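I opened my notebook to get to know a structure that was new to me. Here are my entries, in the order I made them.

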Amino acid sequence: MEKKLSNLRAAMNSSTHKGKHFTEIQKRKIMSSLNQIQTKEIRKPNVSIYLISTIAATLFFFVVYTGLFTNLSLSGDINQNDKQTVENQWEIREEYSKNNKVLFNVSPDPYLTAGKSYGYIFSFKESFNTYRGKEIEIYAIHKETGDRINVLTPFKISEPTPGYSSLGRFTASLTVPESGIWKYEVYFDKKLYGDVVLLVGSENNQTKIILPKNTPSFILTRDFENVEWSKEAVDLGNNIIGNDNKSGVIGADMPSLNINQKWMWHLWGIDNTTENNLTVVGLHKESDTVHQILTTGWSIELGGENNGADAHAPSSVNIPLKGEWAVLLYVNDELFDILVYNITD
């Protein structure tokens with residue numbers, strides 16, 4: 001056994017395991033090679049990270065820049081549309097439509113001016129059930145100052161306009177304090193129903209009477225210039241109120257404001273052997289506005305004698321505003337007489 005161990009030692013000493021296994025030069029070469037391998041292994045992932053990061057940053061910048069540019073473009077369009085919408089809101093219009101359906105329009109006096117009470121006739125188009133039992137009120141907004149005022153306090157709708165199935169001729173007396181463009185907002189039970197935009201003139205710009213568009217051609221503005229407002233109609237007997245031996249009315253002392261009231265016209269000095277027609281035109285003193293007060297039109301036919309007058313005619317009238325009125329009477333297209341009444345109710 002001892003001999004076998006000696007032979008094994010001799011074999012081991014003669015192999016490469018004897019003595020130093022690597023020289024210093026070999027060690028340095030081996031270490032250098034190992035360092036190069038480690039460096040390559042470390043740098044390889046760094047290059048990939050840098051490359052990926054660069055691509056990601058580029059994509060991020062592109063997305064953000066493109067999105068920003070798009071948003072700016074869209075913002076520009078939206079702002080422009082908003083601006084256009086605001087401008088359209090203040091265009092002069094006497095009609096309000098929703099979903100291509102007209103809900104109402106207004107007929108203001110053509111010489112509407114600030115600081116005076118004027119009659120506005122609103123024509124609402126929907127069935128009366130839409131308005132029945134509701135409270136209507138109107139606000140006015142001044143474009144230049146932004147002031148918002150209540151021009152019609154809440155008023156409960158209980159019945160249609162006389163002679164109409166709905167609110168075809170809702171009349172309101174409104175006043176705005178300044179000239180310029182005004183938006184009139186109509187509310188029912190505190191809910192906005194619609195609006196119209198009107199131009200209100202300055203009192204200083206009003207120099208003459210302006211007649212409604214459908215006024216008969218023989219009615220002239222100079223007919224209104226010399227009204228004797230102090231010459232108010234008087235009691236002529238038989239319930240007739242008018243000018244002695246000229247003209248008068250039964251019913252002028254009855255409530256006639258914004259309702260259909262029966263008035264019986266009486267005229268003296270008329271040849272009733274021929275056909276005659278009577279044209280009636282109303283001038284409201286406070287607002288200097290001209291109105292058709294007969295509910296059936298500007299003119300009616302005259303009949304024969306009645307209550308001592310040479311001619312008479314029954315009619316229905318609707319006085320839109322309270323105050324002093326000059327009622328101009330034309331017989332066969334010629335000015336015949338002027339009646340002055342103070343209508344309070």
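**Entry 1**

I started with strand 12 and strand 16, which pair in the antiparallel sense over seven bridges. Two strands count as paired here if DSSP finds at least two bridges between them. Strands are DSSP runs of E with at least two residues, helices are runs of H or I with at least four, and both are numbered from the N terminus. Across this pairing I found Met264 opposite Pro314 in strand 16.

**Entry 1: what I am looking at**

I noted that this is a predicted model, in which local features need pLDDT of at least 70 and side-chain atom pairs count only at pLDDT 80 or more, while totals for chains, interfaces and linings use all residues. Residues are numbered from 1 along each chain as its sequence is written, and side-chain values use heavy atoms, with hydrogens and water left out.

Next I looked up the totals. The protein has two helices and 18 strands. It has 345 residues, and 36% of them count as buried. Buried means under 20% relative accessible area, exposed means over 50%, and partly exposed is in between (1.4 Å probe, protein chains only). I also checked contacts, meaning heavy atoms within 4.5 Å. Among those between residues at least 6 apart in sequence, 60% join residues at least 24 apart.

**Entry 2: strand 3 and its partners**

Is strand 3 buried or exposed? I found six of the seven residues of strand 3 (residues 118–124) buried, so this strand is largely enclosed by the rest of the structure. Strand 2 (residues 101–107) runs antiparallel to strand 3, and four bridges join them. Here Phe104 has Phe124 in strand 3 as its bridge partner. Strand 3 is also joined to strand 6 (residues 170–174), antiparallel, by five bridges. In that pairing Ile121 has Thr171 as its partner in strand 6.

**Entry 3: salt bridges**

Side chains of opposite charge can pair when their charged atoms come close. A salt bridge here is a side-chain nitrogen of Lys or Arg within 4 Å of a carboxyl oxygen of Asp or Glu. I counted five by this rule, and looked at some of them.

Arg93 forms one with Asp195, with the closest N and O atoms 2.3 Å apart. Arg93 sits in the loop between helix 2 (24–89) and strand 1 (95–98), and Asp195 in strand 8 (residues 191–200), 102 residues apart. Arg93 is partly exposed at 24% relative accessibility, while Asp195 is buried at 11%.

Glu137 pairs with Lys190, and their closest N and O atoms are 2.9 Å apart. Glu137 lies in strand 4 (residues 135–142) and Lys190 in the loop between strand 7 (180–188) and strand 8, so this pair ties together parts that are 53 residues apart in sequence. I noted Glu137 as buried, with a relative accessible area of 4%, whereas Lys190 is exposed at 59%.

Strand 17 (residues 323–331) and strand 18 (residues 334–343) run antiparallel, joined by nine bridges. Val327 stands opposite Leu339 in strand 18. This hairpin has two residues between the strands, and Asn332 takes a positive phi near 50 degrees.

Which side chain makes a polar contact with the side chain of Asn332? I found that of Asn276, at 2.9 Å. A polar contact is a pair of N or O atoms within 3.5 Å; within protein, one must be able to donate a hydrogen and the other to accept it, and residues adjacent in sequence count only if both atoms are side-chain atoms. Asn276 is in the loop between strand 12 (261–267) and strand 13 (277–284), and is buried, with a relative accessible area of 10%. A polar atom of its side chain also lies 3.1 Å from the backbone oxygen of Thr274.
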